[in-house]
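Here are my notes on the model you sent. Please read them with the structure open beside you.

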Amino acid sequence: MKFSTYYLGCRVNQAEIEYFEEKLSKMGLENSKDGKADIIIFNTCAVTHKAEKESFRLIRKVFLSNPDSKLFITGCIVPLNKSLIEQVKQKILPPEYLEKSENIYIIPSTQKEKVIEIIENHLKNTDYFIQNNGSKINRFKYYIKVQDGCNHFCSFCIIPFTRGRSRSKKIEEVQSQIQSIAEIIRSNPQTGAEITLTGICLGEYGLDINTSLAKLLKSILPLIPDNARIRLSSMDIITLDEELMEVIATSDKICKFLHLSLQSGSNRILKLMRRNYTIEQYIEITNYLYKNIPDLGITTDIIVGFPTETDQDFEETLEAIKKVNFHRIHIFPFSFRPYTYAYQTMRHIKIDHQKVKEYEKILTKLSLEQSKKFIKDRIGKYYNVLVEENGYGYTHNFIRVKTNYSGNPKYMNLKITGIEEEKGNFAVASVNP
Ligand code: SF4
């Protein structure tokens with residue numbers, strides 16, 4: 001029996017898909033290589049209207065070539081509210097296929113374990129023989145979801161409505177996951193590895209179980225093998241505390257890299273977005289971070305075209321970006337998401353899409369300039385780069401580099417020599433041994 005998986009969107013979705021793949025492989029199911037499968041899992045994204053449309057398109061496409069398969073749809077297009085789930089089904093499937101809908105399971109993000117439960121029950125009721133083949137996925141990038149959900153309710157964001165409130169994985173569970181990964185990494189001493197801790201609101205890790213991200217990191221650092229390092233995924237700036245900054249600054253196992261979503265540089269827009277900081281606070285904290293964490297790299301997300309955003313607001317965003325010195329900016333055109341406060345109160349406001357495109361262009365150019373500056377300021381410096389099979393790799397502070405290497409992913413000590421190429425919103429560094 002074969003399975004296949006699909007995900008869109010963030011690192012959390014990727015970590016969840018890897019979890020499903022590992023569970024199903026251990027049940028003895030085979031990961032299909034040709035798109036034909038008996039069990040198909042989708043972890044969807046609805047963070048923007050475009051991502052949601054892409055999720056629907058992908059599901060329909062895969063469903064049409066696997067009409068008899070069992071389909072599991074989870075992730076952010078699935079609302080927590082039960083009465084809305086039927087609507088999702090109708091939106092996804094062509095009407096002629098709705099009668100097959102007993103094979104389609106739409107499962108809210110908060111109940112993802114149900115996917116495995118249903119598959120286990122299904123296997124028990126068939127003559128399929130379950131065997132634990134102990135499969136170990138041999139790779140070099142690992143994503144561990146340590147936290148899910150969010151308590152913030154930013155006015156543009158659908159996530160709290162689809163993933164629920166913030167919840168953390170117990171420290172012992174994370175430790176045991178790290179131990180299994182460390183075993184695999186140690187058994188391949190020639191191969192380098194990177195473990196990313198992910199969460200929807202990673203900085204809120206521990207609030208519900210009386211601990212913190214700093215404590216989690218301290219507890220797992222001794223378990224990390226020599227040929228591996230830890231990276232932290234996106235965080236909310238206001239959740240960074242002194243203890244966390246100190247662990248990041250002092251451990252050579254943790255990448256000196258933070259992705260801190262700014263969203264806008266205008267206090268007026270930040271207030272409408274219901275973000276919990278002002279631009280002055282944001283700049284003050286990032287200045288403190290640069291001072292205290294050696295050779296830190298910071299990247300960010302910016303939303304363009306938030307309702308009522310003016311040229312003046314956008315100018316303030318550009319100013320803020322220059323002051324903070326982000327070395328890469330991810331740009332998201334605003335779209336109204338259902339259930340959100342912005343949708344409820346502002347959806348009558350017309351978005352000037354032409355202007356949004358212009359803003360996107362300006363920001364992409366600025367992001368590239370800042371990325372080049374970040375690299376140029378580091379010419380002559382040596383970095384331990386995790387170089388992948390395709391010859392590309394990342395420094396701890398998230399500079400993309402290009403080498404001529406091909407082989408198993410491994411750490412190489414390389415000197416930054418200049419700019420190798422430009423890739424839209426960022427530049428790739430050239431290196432020498
Ligand atoms: S902090 Fe805001 S943007 Fe981030 S997941 Fe929570 S509600 Fe969404």
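**Notes on the fold**

1. Start with helix α1, residues 11-26. Helix α1 lies across β1 (2-7), β2, β3 (39-44) and β4. Its direction is at about 175° to β1. Bear in mind throughout that this is a predicted model.

2. Helix α2 covers residues 49-65 and lies across β1, β3 and β4. Against β3, helix α2 runs at about 170°.

3. Now the sheet under discussion. Five strands form an open sheet in the order β2-β1-β3-β4-β5, and the pairing is parallel. Its edge strands are β2 (30-31) and β5 (104-106), each of which pairs on one side only. Strand β4, residues 70-75, pairs with β5 in the parallel sense over three bridges.

4. Next, the ligand. Which residues are around the ligand? They are Cys150, His152, Phe153, Cys154, Cys157, Ile159, Pro160, Ile200, Cys201 and Asp236. By class, this shell holds eight nonpolar residues, one polar and one charged.

5. Further along, β11 (residues 297-304) and β12 (residues 329-333) are a parallel pair joined by five bridges. Threonine 300 has isoleucine 329 in β12 as its bridge partner. Between β11 and β12 the chain passes through helix α11, residues 311-324. This β-α-β crossover is right-handed.

6. The barrel deserves a separate look. Five strands close into a barrel, ordered β13-β14-β15-β17-β16, with mixed pairing. On average, neighbouring strands of this sheet are turned by 55° against each other, direction ignored.

7. Valine 387 has glycine 393 in β14 as its bridge partner.

8. Finally, the whole chain. How many helices and strands does the protein chain have? The count is 13 helices and 17 strands. Along its principal axes, the C-alpha trace spans about 60 × 60 × 45 Å. The protein chain has a radius of gyration of 22 Å, which agrees with the value near 22 Å for a compact globule with 433 residues.

Technical notes: Residues are numbered from 1 along each chain as its sequence is written. This is a predicted model: local features need pLDDT of at least 70, side-chain atom pairs count only at pLDDT 80 or more; totals for chains, interfaces and linings use all residues. A residue is near a molecule or strand if its C-beta atom, placed from the backbone, lies within 6 Å of it. Ala, Val, Leu, Ile, Met, Phe, Trp, Tyr, Cys and Pro count as nonpolar, Asp, Glu, Lys and Arg as charged, and the others, Gly among them, as polar. Two strands pair if DSSP finds at least two bridges between them. Helices (H or I, at least four residues) and strands (E, at least two) are DSSP runs, numbered from the N terminus. Axes are lines fitted to C-alpha atoms, for helices over the stretch in contact, and angles run from 0 to 180 degrees between N-to-C directions. A crossover is right-handed if, with the strands pointing away from the viewer, the path from the first strand over the helix to the second runs clockwise. The radius of gyration is taken over C-alpha atoms; the globule rule is 2.2 Å times the number of residues to the power 0.38. Two residues are in contact if their C-beta atoms, placed from the backbone, lie within 7 Å.
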